[in-house]
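I am opening these notes to record what I looked up in this model, beginning with a term I will need and then working through the contacts.

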Amino acid sequence: MSSAVMDKAEAEAKQPASHLITATFRIRRFNPEVSEEASWEDFQLEIDPKERVLDALHQIKWEIDGTLTFRRSCAHGICGSDAMRINGRNRLACKTLIKDLNPDQPITVEAIKGLTLLKDLVVDMEPFFQAYRDVMPFLVTSGNEPTRERLQSAEDRERFDDTTKCILCAACTSSCPVFWNDGQYFGPAAIVNAHRFIFDSRDEAGEQRLEILNDKDGVWRCRTVFNCTEACPRGIEVTKAIQEVKRALITRRF
Amino acid sequence: MKIHKYDTIIVGAGGAGMRAAIESSKNSRTAVLTKLYPTRSHTGAAQGGMAAALANVEEDNWEWHTFDTIKGGDYLVDQDAAEILAKEAIDSVLDLEKMGLPFNRTPDGTIDQRRFGGHSRNHGEAPVRRSCYAADRTGHMILQTLYQNCVKQGVEFYNEFYVLDLLLTEKDGVRRTAGVVAYDLASGEIQVFRAKSVVFASGGNGKFFKVSSNAHTLTGDGQAAALRRGLPLEDMEFFQFHPTGIWKMGILLTEGARGEGGILRNRDGERFMETYAPVMKDLASRDVVSRAIYTEIREGRGCGADKDHVFLDLTHLPPEQLDAKLPDITEFARTYLGIEPYTDPIPIQPTAHYAMGGIPTNVEGEVLSDNTTPVPGLYAAGEVACVSVHGANRLGTNSLLDINVFGRRAGIAAAEYAGGAEFVELPEDPTRFVEDEVENLRDATGTERVVDIRRALQQTMDKNVMVFRSEQTLKEAVEQIGDLRKRYKNISVQDKGKRFNTDLLEALELGNLLDLAEVTAVSALARKESRGGHYREDFPDRDDVNFMRHTMAFREVGDDGTESIRLDYKPVVQTRYQPMERKY
Ligand SMILES: Cc1cc2nc3c(=O)[nH]c(=O)nc-3n(C[C@H](O)[C@H](O)[C@H](O)COP(=O)(O)OP(=O)(O)OC[C@H]3O[C@@H](n4cnc5c(N)ncnc54)[C@H](O)[C@@H]3O)c2cc1C
Ligand code: FES
């Protein structure tokens, strides 16, 4: 019999029911159908601090102001819809619990930066996806297809594991000061996705991708600020991946 | 009014839609319309794996896989379709690998495989390693890989376009596909997409339950559009409740956790599945495990102050194994529950997970307007469809398989059809229905709110149409849904704007959920037996004499405008497997 289970069962039975707190959400609103100016608006909620920021946004939208607009789908950090700036830091609203945000103070929520604002927390994602598409984010091979699977050792598979986790939420790219200043920069997410293929032992287009990233808007623009690594909700070591791409460009070994 | 023209339109960019697009766009001018950016689709949430009898790690073959699928579906599976599923599984997985999918590998460098519920060696002897996987991110990798290949092939996407209606035009006494009507979220414009062939791949409808593993956007828009246009929905009473959702939240913890050795325990720490399924234990099929959990809870052996959940215990597994094989779900436990799965068991309860029913198709993906007749030019694949390979209960890892096998088939068939067909005239005033709906909502001044009706709907579904059902609960559900539908006529939305009006779209999505909930409850009420995911306490046995048949539900509108649901039935295709009692 598992004693961990018994301990847990006892501990749970004693736990108090969840309690509600009052928290203020200070949200950056923008609706060009109404006004060309963006402005802050405060909403006070009675809410369980163990809930997600996404739950708070839903509570506002569903109960108070239906015009509040944001993207979301999965609600558990998998689909990448709801990257936003929460208390000045890029995060997924569905993966951020209110209790972790110091809810005694107003919690600020605004759209991610560096992409054109369309309405409230919604930005134009097209330039972000264009940069992604530009780095050839797909496996390239030559010769006849094998009849069975291509073989890959567990070590070779591990080599690019970290960068396969990307959900294209743009939290990293839109936290990068270089990207804010110059939207032409590919940005961390595109480089992460190039890394995913450059270091895949099955792929044969590493050189081409490196040439793309050698461009003036490419990987050399990165100033190793580490914002991206901190912002990634998937825990990808983004800066490390960018460094590995830079090194591959110098040594031409990958 | 903007009118686009394509040979083939695909509705949805999840696994099924993009697998279809990869085929159809080779031979047919194709556009994919999707309400989400493709990589936001819920296929990305799938964790555990994709079944195929590759036999990379132990003896296996597709015939065993076929048998398990049919038995798992409690013999309501169409056996010809199941055979195709299991046979084509092997190439399906190999195709994905060739497209770049980073599967976990064996020491030999081949695709690694693990155990999953209901998949067995030699017709039930013991669990078999059949699930091909990439950690607990298999769906993510499938979605990414398919999108990558769409980018490679230059597939055309219309992102954040909501398809709200299907256009059919009658010609020579037959209704044929003319296209779809879509709402562009960014501009609020309603646009027509003419096409020779249309593939619905718009996913499931699990959001009519409260505790659910499904995304907010899984509102059954495709099923509802088909139903409104007079097409049947098949087997909607069969909905799968996955045993291990995070308590109260419903976020899924993959069955792969039990495949890796995880154990379910009640408040006394007992491994209760030993009593319910002596051979397969924690890996019995999902309906069996979900009922077992609720039986434990009802008999007072649940955990917590309210005794309303049980535990998934992973504490005996080495932390390295959890990190390597189950990194995401262990992180969910940490993020959302503040629990460390290395040392603490995770509170879970069954969560609404998967719609076995949907738009009926044949094995080519052609949509049927009755038991046998295809609608020319119309196709469906994935969770929106019912082929039926899952019957009364889907086996884990068979849906990622389904979307690949039948997504591919539907894509090929739709392109082939478009190659030999002419465009059909648009029906008169093609945007009428959608414009009325949208304008009525914008102008509405009603007193009802979307959130209240949706909450009431989810409550009645959770209470009455979940793991245990009876005539009484189902009648209550039908009645309450009827009332909610009346209240729905009196809703209004606050956002009256054009741009990114998600307020309006949530209201339309709720309308779809109400329609589908009604079909589900009515179909369940009429099925006076227990089979797979549909369990009736008042009829606890399977009744092959009266109910070995698929339900076909039609929506009918009387001359006076009253709506009702008419049920018809369709025989199950049986090839070589005789129905037996299901034991695990
Ligand atoms: C948490 C979770 C884990 C799972 N794990 C597994 C597993 O391990 N193995 C397995 O086999 N199965 C698993 N499943 C089931 C499986 O993932 C799904 O059944 C499958 O991915 C559905 O794919 P789909 O392409 O049919 O739909 P989805 O991936 O849901 O895609 C639907 C698409 O349709 C679009 N759409 C919807 N409505 C509209 C509209 N009105 N207009 C335009 N576009 C629209 C959406 O934008 C989206 O692109 C899991 C499911 C869940 C929820
Ligand atoms: S809603 Fe999917 S990542 Fe947050």
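**Entry 1: a term first.** I call a salt bridge any case in which a side-chain nitrogen of Lys or Arg lies within 4 Å of a carboxyl oxygen of Asp or Glu. By this rule I find 80 salt bridges over all chains.

**Entry 2: ground rules.** The model is predicted, so I note that local features need pLDDT of at least 70, that side-chain atom pairs count only at pLDDT 80 or more, and that totals for chains, interfaces and linings use all residues. Residues are numbered from 1 along each chain as its sequence is written, chains are lettered from A and ligands numbered from 1 in the order in which they are written, and side-chain values use heavy atoms, with hydrogens and water left out.

**Entry 3: confidence.** I read an ipTM of 0.96 and a pTM of 0.97 for the model.

**Entry 4: chain A against chain B.** Taking contact as heavy atoms within 4.5 Å, I find 74 residues of chain A touching 78 residues of chain B. The buried area (the accessible area, with a 1.4 Å probe, that two parts lose on being put together, summed over both) is about 6,300 Å² for this pair of chains, with 51% of it on carbon and sulfur atoms. Eight salt bridges cross the interface, and one that I looked up joins E97(B) to R202(A), with the closest N and O atoms 2.8 Å apart. On the side of chain A that touches chain B, helix 1 of chain A gives the largest share, seven residues; helices here are DSSP runs of H or I of at least four residues, strands are runs of E of at least two, and both are numbered from the N terminus.

**Entry 5: inside chain B.** The domain assignment, whose bounds come from an automatic or database source, divides chain B into domain 1 (1–238 + 356–428 + 545–584), domain 2 (244–352) and domain 3 (432–544). I looked at domain 2 and domain 3 of chain B, whose C-alpha centres are 30 Å apart, and found eight residues of domain 2 in contact with seven of domain 3. These two domains of chain B bury about 630 Å² between them, 68% of it on carbon and sulfur atoms, and R291(B), Y294(B) and R298(B) supply 69% of the area that domain 2 buries there, more than any other three residues.

Which residues form a salt bridge at 2.9 Å, N to O? The side chains of E537(B) and R298(B) do, and the rule finds one salt bridge across this domain interface. Helix 8 (286–298) and strand 14 (346–355) of chain B each give two or more residues to the side of domain 2 that touches domain 3, with helix 8 giving the most, six residues.
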